Each structure stands twice: as structure tokens, then as C-alpha cells.
Amino acid sequence: MSGIAKTMETSEDRQAAGEAVISHKIGLHARPSVKLTKLAKQFRSAIRLRAGEDGAWIDAKSVVKVMALKVKAGQVLAFEAAGEDSGEAVTALVALVERNFDEPQD
Amino acid sequence: MSRKTELRWRGTVASRGLVLGPVVVRRSTEGTARRQGTPDEEWQALTDAVERTQQRLQGLAETADEMAAEVLEVQLAILDDEGLLDPAREAIEGGAPADRAWVDVLGDLIAVYEAEEDEYFRARAADLKDLRDSVLAALNGADEVPVATEGSTAILVDRELTPSRFLEMDWTRFRGAALTGGSATSHVAMLARSRGIPLLVGLDGDLSALPQAVEAVLDAEEGWLVLKPEEATRAAFGQAVAARAKEAEQQAAYLAQPAETAGGRRITVLMNVDDPGAVEALDPGHCDGIGLTRTEFLFTGSSLPDETTQYQVYAALVRWASGRPVTIRTLDAGGDKPIAGLTPDGEMNTFLGVRGIRLSLARPDVFRVQLRALARAAALGPLKVMCPMVTVPEEIVQVRELLSQVIMDLRTEGTACAMPQLGMMVEVPAAALRAGGFAVDFYSIGSNDLVQYVTATARDNGALAPLHNPRDPAVLELIGRVVKAGAAADREVSVCGDMAAEPEFLPILLGLGLSAVSVAPAALARVKATIARFDG
């Protein structure tokens with residue numbers, strides 16, 4: 001199952017952050033990467049993500065960059081968004097990861 | 001006339017079948033020989049090629065089945081990536097040709113995926129290369145597919161065959177393919193199997209010297225591509241191909257029909273499911289339901305599958321079957337199917353050890369998760385739960401207790417669930433001898449293990465093959481007893497082992513009064529045809 005996730009928003013500067021644990025056994029593979037970036041693109045905010053505390057921040061709307069991260073099962077995915085819909089964006093992305101991308105473990 | 005003798009190239013069978021016909025040789029290349037233009041022209045050429053490829057893939061996606069659509073969806077998403085061509089633009093402005101610039105765009109990602117141990121990532125690397133080559137082909141104006149004459153039985157010979165290339169080929173003109181590269185676990189191999197296209201991979205031969213239109217025999221059963229076959233080879237394979245084709249044609253006529261013997265007896269023909277992912281491509285109307293779903297595949301990862309994961313798989317099967325019964329076998333680990341961290345280590349004789357339901361009852365923590373997922377999926381349609389390796393009635397009593405408990409828990413939680421039918425595999429002679437004494441709703445005879453246990457011969461020991469005989473009177477007597485016990489208690493009895501799918505053995509089973517079988521999807525037509533010929 002997915003681990004804990006939290007979202008928080010400071011309404012002043014319209015920034016939001018949240019995190020969730022990747023639980024799919026193959027990790028964040030091709031199809032979930034497509035789902036994630038497609039969802040991210042629905043928001044106007046700039047959204048970046050990283051895997052693990054030492055990971056580099058990358059554009060959450062670039063499927064090539066997300067796929068190249070090869071996030072493994074158990075790694076924490078952190079999101080940061082800036083923009084008018086940043087809160088919704090982070091909530092939606094965290095929820096997608098927690099729902100295991102609506103994927104069976106195949 | 002050439003008096004050269006035939007040339008035989010070894011290959012690995014990725015999808016079974018036989019073809020006799022001329023080869024169409026393609027030599028797909030990564031290196032290209034475009035004439036380079038100005039940076040502006042190069043950039044224009046690249047964006048045009050990407051756009052053409054997008055259109056081509058979108059066209060393919062509209063008609064693709066689910067598995068193929070997944071590959072195409074990922075490829076299209078990559079082409080939609082806004083920043084994708086940024087590095088290429090930079091390289092072109094710096095003087096690079098469009099093709100070189102494009103190859104580098106995906107090069108890193110391909111390298112990263114190819115370096116992975118995990119088969120999954122390596123297969124995705126092949127999908128990425130496919131995308132790379134599609135755009136390259138468009139850049140070189142070579143984005144057309146190879147052609148063979150209509151009605152021919154051409155064999156495609158190539159280094160690699162990519163999923164998108166596979167999907168756009170007209171397989172009424174090509175009857176099979178042989179590749180020097182490829183793997184039997186690739187997407188293309190899966191696509192070929194699900195469409196019945198014979199395919200050899202890892203071909204041991206040199207394509208550069210192979211001329212077009214040489215006649216060849218593609219033997220994707222034994223694993224040979226025979227070039228310039230001698231008269232005797234050609235005649236033998238020609239006959240085999242013709243006989244096989246005629247047989248398949250006759251059998252196909254039965255596929256969509258309910259199975260009935262020549263004597264008018266209705267036989268239930270169910271399907272065995274190894275890979276639930278492959279089911280979506282099949283027509284549920286070709287079978288009377290699913291008679292066996294192996295759940296071991298769920299337990300192959302590093303961690304055991306959770307309830308949601310299992311539920312989603314079971315629920316998808318119930319939905320696919322659209323009202324037909326779906327039988328799911330509880331975890332059948334142990335024996336020749338060990339699972340790390342679950343099956344016991346160091347057993348002297350694993351086939352007589354803690355396997356099947358014995359293991360599940362010894363690990364209620366794992367079993368309960370599976371039963372919960374099953375009870376939840378049972379709320380969606382007629383789901384049946386089947387226990388493997390049952391030996392004594394007490395085991396079924398324990399399973400029923402556990403099942404009642406999880407259903408009570410689920411109801412308390414307010415989760416939708418239903419009590420599924422509970423049945424047992426009959427593989428252990430002790431269970432076959434007193435089948436009537438088990439409190440089950442149905443029986444499924446696992447003939448492979450039953451033969452092994454009755455004749456005390458290991459399934460995989462070739463030296464004992466003559467003893468390992470499904471026709472042994474002792475085996476048949478036990479099967480007959482189970483059929484009778486089922487009839488007396490009005491419980492369905494089916495056979496889900498290899499015996500049911502063999503034209504040699506199926507009539508014997510029908511003669512014993514059996515009225516249900518469960519076989520692999522590829523065997524459905526043959527089995528229905530065999531039943532139709534049975535006079536009784």
C-alpha cells in the first residue's frame with residue numbers, strides 16, 4: 001500500500017508541496033509516468049518533482065524526464081507547485097500516486 | 001539450377017506455427033545516409049518527421065487492442081513532451097544533422113532502460129527504440145512498411161521487429177517472421193502469440209548475404225528457418241502446413257459455437273488463464289467461462305501482492321467474462337513453483353511437501369488477503385474459488401471457516417462482498433477416492449498432478465515417460481469415480497489439466513461421462529472440434 005502523504009498550502013504565495021510513496025513493485029514505470037505527466041499538464045501551475053531527498057528536481061510535465069528518473073518502489077516522490085492552482089495540482093498528483101496510478105500490479 | 005543444399009538457421013520459438021514461402025528481407029538500420037541541409041532545413045525536417053510519426057501512431061492507436069494501445073500511448077506521450085526536441089534544436093543549431101540530433105534525444109533514456117536488470121525496463125527500451133526508429137524512418141522518407149504480394153505466404157526476415165511496425169504490417173500478406181534479434185518475452189512476441197503469427201527470434205544467421213524471395217520453411221515449432229529447402233524438406237513441410245491449415249480452418253468453425261458431441265450432449269468448455277493481461281484480447285463468447293486462473297503470477301515480485309492489487313485483477317476477469325463463471329485457484333505455490341519467503345526451504349521432496357492449500361492454511365496471514373480480494377470480486381459476478389492440493393475434507397472445512405470470517409469482516413467494514421462457490425482440485429489420489437466426502441460446490445481434476453501421484457512418476461523425468469501415462473487404467477478409474485461422485489451430488493466436474501486439451505485423451509474423458517473441460521485459449525477451437533466428432 002502507499003505510505004503517508006501530506007499536502008500543505010500557503011495561500012499567500014500560491015505554493016504547495018506534498019509527497020507520496022511509490023508502491024508499485026516495478027516502480028514509476030512507463031504507463032504511470034504518462035498518467036502522471038498528463039495529469040500535471042492539466043494544471044496551469046509550474047510543477048516539479050523529485051525522488052528521495054537527494055534527488056534532482058525535474059519538470060513534472062515532461063514524460064521523458066519522469067521516465068528517466070526510474071523511481072523505485074518504496075521511494076518518496078515529492079511534489080512542489082507554484083501558481084494559482086498549485087494546491088489542487090499537488091493534491092491531485094499525490095492522490096494519483098496513492099491510488100497506485102489505478103494500475104494492477106502487472 | 002543451383003544444386004546447393006539447404007541452409008538451416010537455428011532460432012528460438014517466440015510464437016508457434018509453420019510457414020512455407022518466400023522470404024522478404026529487411027535490414028533495418030540505425031545508421032542513415034541523409035544529405036544534410038542548413039540548420040533551418042534540418043530543424044524543419046525533424047519537426048515534420050515527428051509530426052508525421054505522431055499522425056501515424058495516432059492512426060494505429062485508433063485500431064489497436066489494449067496491449068498495443070499501451071505501447072502507442074507511451075510513445076505518443078513522449079512525442080507530446082514539450083521540451084523533447086530542445087536538445088535536438090540546440091544540436092542542429094550547432095551544426096548536427098537532424099537524424100544524429102534525434103538519435104541523441106532518446107539515446108540516454110534508452111541506455112538507462114537497457115542497463116536495467118528488470119525485464120520490464122528492457123522491454124520498454126525496445127519500445128523507445130521503436131519510437132526512435134519510427135521518426136528516423138520518417139526523416140529518411142522510409143516510413144512505409146515492407147510489402148509482399150497479396151495472397152502470398154511471405155516470411156519477413158529482419159534484425160528487429162518493433163511493436164508499431166508489427167501492428168501496421170499486413171499479416172494477410174506475411175504469414176510469419178524470423179528475427180536475428182528480439183526475445184521471446186518482448187512485446188512483439190506477445191503480440192505475435194496473441195494473433196497466431198509464427199515468430200522465431202535470435203536467429204543464428206547472416207542477413208547481409210541473404211537474397212530476397214528465396215524460398216524458405218519457417219518452422220516455429222522446432223525452431224528452424226530452412227532456406228532453399230531440399231525437395232524432401234519442402235514436400236514434408238508443405239504437407240504439414242497444408243494439413244495444419246486445413247485442420248485450423250475446420251476447427252475455427254466451432255470456436256464461437258457451444259460445444260456439443262455428435263450425440264447431442266452439451267459439454268461445457270472453459271478457459272485456463274495464465275496471464276490475465278492477455279484475456280482482454282479474447283472473445284468471452286468463445287468459451288463458457290474461466291475454469292482455472294493461476295494466481296501464482298501475482299506472487300512473483302519481491303513483495304506479496306496486497307488486497308487491492310489482487311482485487312483489481314480478479315474484478316477485471318469477472319467483468320471480462322460478462323456473466324460467465326470465473327474460477328480462480330488460490331495460490332498454488334510449492335512443488336515446482338517455489339516463492340521466495342513463502343514456500344519452505346530444504347524440503348526433501350517438494351511435490352510431497354507444503355504446497356497448494358497446505359501452504360495457504362499454514363500461512364493464514366497471506367491466505368486471508370487472497371480470500372478477502374476474492375470475496376470482494378465475487379460481489380461483481382459469478383466467481384468461484386478453487387483450492388489446489390486438497391487431501392482431506394478437514395482442509396475444506398478450514399477454508400470455509402476462513403472465508404466466512406473474512407466475509408463477516410468485510411460486511412462489518414461495509415465493503416461489498418459475496419460468498420463465492422468453493423471447489424477443489426482433485427490431484428491427490430486420496431481425494432479422488434472419496435471425492436463425495438468433501439463439502440465442496442464443484443471439482444476440477446488436475447490431470448497432470450493426478451497422473452504423477454497415481455503412477456509415482458515425476459512429471460519432468462523423461463526416463464519414466466512410459467509409466468507417466470494418462471491412459472493408465474488406475475488413473476482413468478479415479479477420474480471416473482470423481483465424475484460419478486459429482487453426478488451423484490449434482491456438482492460440476494471438469495478436467496483442467498493437459499489431458500483435456502489433447503485430442504488423443506479427450507474422447508476417453510468424454511466416455512467416462514465428463515461434461516466440462518478447461519483448456520488454454522489457443523486450444524479452444526481444437527477441443528470444440530474434437531468434442532463435435534465424439535459420438536456419444
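Helix 10 of chain B passes helix 12 of chain B in a right-handed crossing. This is a predicted model. Chain B also touches chain A, through 23 residues of chain B and 19 residues of chain A. The largest nonpolar core has 94 residues, and a second, separate core has 87.

**Helix 10 against helix 12 (chain B)**

- Two packed helices are described by the angle between their axes and the distance between the axes.
- Here the axes of helix 10 and helix 12 (residues 364-377) of chain B come within 8 Å. They cross at roughly 35°.
- Helix 10 of chain B contributes B:Glu307, B:Gln310, B:Tyr311, B:Tyr314, B:Ala315 and B:Val318 to the contact.
- Helix 12 of chain B contributes B:Val369, B:Gln370, B:Arg372, B:Ala373, B:Leu374, B:Arg376 and B:Ala377.
- By class, the residues of this contact are eight nonpolar, two polar and three charged.

**Chain B against chain A**

- The interface joins 23 residues of chain B to 19 residues of chain A.
- On chain B, helix 2 (66-80), helix 4 (98-114), helix 5 (119-139) and helix 10 (307-321) each supply at least two residues of the side that touches chain A.
- Helix 2 of chain B gives the largest share of that side, five residues.
- The chain B side divides into nine nonpolar, seven polar and seven charged residues.

**Nonpolar cores**

- In soluble globular proteins, nonpolar side chains tend to be buried together.
- In the largest core, of 94 residues, B:Trp102, B:Ile155, B:Leu200, B:Leu218 and B:Leu225 touch the most other members.
- Helix 4 of chain B provides the largest share of this core, eight residues.
- Domain 1 (7-26 + 146-248) and domain 2 (39-139) of chain B both give residues to this core, so the core lies between them.
- Leaving aside residues up to four places away in sequence, B:Trp102 touches B:Leu46, B:Ala88, B:Val135, B:Leu136 and B:Leu139.
- The second, separate core includes B:Phe299, B:Val426, B:Ile479 and B:Ala525.

**Helix 18 (chain B)**

- Helix 18 (residues 524-533) of chain B is mostly covered, with seven of its 10 residues buried.
- The buried residues are B:Leu524, B:Ala525, B:Arg526, B:Val527, B:Lys528, B:Thr530 and B:Ile531.
- B:Ala525, buried in helix 18 of chain B, is also a member of the second core.
- The helices that the buried residues of helix 18 pack against are helix 8 (231-255) and helix 17 (506-511) of chain B.
- Their strand partners in chain B are strand 9 (259-260), strand 10 (266-273) and strand 17 (516-519).

Notes: Residues are numbered from 1 along each chain as its sequence is written. Chains are lettered from A and ligands numbered from 1 in the order in which they are written. This is a predicted model: local features need pLDDT of at least 70, side-chain atom pairs count only at pLDDT 80 or more; totals for chains, interfaces and linings use all residues. Two residues are in contact if their C-beta atoms, placed from the backbone, lie within 7 Å. Helices (H or I, at least four residues) and strands (E, at least two) are DSSP runs, numbered from the N terminus. Ala, Val, Leu, Ile, Met, Phe, Trp, Tyr, Cys and Pro count as nonpolar, Asp, Glu, Lys and Arg as charged, and the others, Gly among them, as polar. A residue is buried if 20 or more other C-beta atoms lie within 10 Å of its own, exposed if 12 or fewer, and partly exposed in between; C-beta atoms are placed from the backbone. Axes are lines fitted to C-alpha atoms, for helices over the stretch in contact, and angles run from 0 to 180 degrees between N-to-C directions. A crossing is left-handed if the near helix is turned anticlockwise from the far one by less than a right angle, and right-handed if clockwise. A nonpolar core is a set of buried Ala, Val, Leu, Ile, Met, Phe, Trp, Tyr and Cys residues joined through C-beta atoms within 7 Å. Domain bounds come from an automatic or database domain assignment.
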